[in-house]
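Let me jot down what I look up as I go.

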Amino acid sequence: METLQSLVRELVILVILAVVLELLLPEGDLRRYVRMVLGLLIIVAVLQAAVSFWNRDLAADLSWVTLGQPDRAGTREILREGERLWQVGQTRALDEYEEGLARQIRALAGLNQEVPVADVRVRLEEGRAVGEFGRLKEVILILGVQHGDAGDVPVGAFPAAEPAVDPQAVARLRGLVADFYGLTREQVSVRY
């Protein structure tokens with residue numbers, strides 16, 4: 001009896017939905033597709049009721065089509081999993097974006113022969129505010145400066161003496177990167 005009530009309720013909802021959509025949609029191909037989809041939903045509702053009436057396992061496979069009360073625990077679990085996947089994807093996208101920006105800035109800095117840039121690090125906004133997410137926050141240019149016979153200074157190592165790089169060339173490079181990416185000069189820093 002409950003199956004029959006559910007079937008009648010779903011059919012009434014689908015028929016009302018079909019009538020409303022029929023009135024709202026303009027003439028054309030879209031109306032035909034909507035009719036076809038609603039017809040398929042009616043067929044699925046009838047099949048689901050018939051299968052559950054005969055108590056077959058197929059009813060479980062068609063349960064996602066029902067218009068009745070959703071399984072709240074299952075829905076929460078699906079939403080949590082979706083949120084987790086969204087965060088993983090967002091983190092991955094940010095990492096790849098950072099890496100791509102660093103490569104791009106390294107190539108731009110490589111055009112300047114006066115200042116040898118060994119590495120570039122970028123920091124991005126991670127907040128969820130609209131327009132803030134993924135915005136370039138800071139660029140750090142790490143210079144690989146030659147010290148006579150000592151060779152290149154490894155990345156992250158601090159030389160004992162001030163490197164022999166023209167400070168004006170470094171300022172020009174900072175200005176170039178800042179102007180190219182719409183940053184202030186304070187957002188572009190240089191490390192040796």
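**Entry 1: terms first.** I call a residue buried under 20% relative accessible area, exposed over 50%, and partly exposed in between. I also remind myself that this is a predicted model.

**Entry 2: I42.** Is I42 buried, exposed or partly exposed? I found a relative accessibility of 28% for I42, so this residue counts as partly exposed. I placed I42 in helix α2, which covers residues 29–53. Next I asked which residues I42 touches, leaving out those up to four places away in sequence. The answer is L11 and L14. I also checked I42 against I13: they are 29 residues apart along the chain, and their C-alpha atoms are separated by 9.9 Å.

**Entry 3: the record.** I turned to UniProt, where an unreviewed entry places the feature "transmembrane region" at residues 6–25 and 37–54. I then looked at how the model builds these stretches. Residues 6–25 are 95% helix and 0% strand, with the end C-alpha atoms 28 Å apart. For residues 37–54 I noted 94% helix, 0% strand and end C-alpha atoms 26 Å apart.

**Entry 4: the cores.** How many residues does the largest nonpolar core have? I noted 24, and V139 and V177 are the ones with the most contacts inside this core. The elements giving two or more residues to this core are helices α4 (72–110) and α5 (167–181), along with strands β1 (117–124) and β2 (136–143). A second, separate core has 7 residues, including L7, L14, L25 and A49.

**Entry 5: V139.** I went back to V139 to list its neighbours, again not counting residues up to four places away in sequence. Among them are V177, I105, V120 and V122. V139 also touches R121, Q187 and S189.

**Entry 6: rings.** I searched the whole structure for aromatic pairs and got 1. The rings belong to F180 and Y181; their centres are 5.0 Å apart and their planes stand at 70 degrees, so I wrote the pair down as edge-to-face. Which of these residues is buried and which is exposed? F180 counts as exposed because its relative accessibility is 53%, whereas Y181, at 18%, counts as buried.

Note on methods:
Residues are numbered from 1 along each chain as its sequence is written. This is a predicted model: local features need pLDDT of at least 70, side-chain atom pairs count only at pLDDT 80 or more; totals for chains, interfaces and linings use all residues. Side-chain values use heavy atoms; hydrogens and water are left out. Helices (H or I, at least four residues) and strands (E, at least two) are DSSP runs, numbered from the N terminus. Buried means under 20% relative accessible area, exposed over 50%, partly exposed in between (1.4 Å probe, protein chains only). Contact means heavy atoms within 4.5 Å. A nonpolar core is a set of buried Ala, Val, Leu, Ile, Met, Phe, Trp, Tyr and Cys residues joined through side-chain atoms within 4.5 Å. UniProt positions are given in the numbering used here, feature names are shortened, and annotations may be inferred rather than shown by experiment. Rings of Phe, Tyr and Trp (its six-membered ring) pair if their centres lie within 6.5 Å; planes under 30 degrees apart count as stacked, over 60 as edge-to-face and the rest as tilted.
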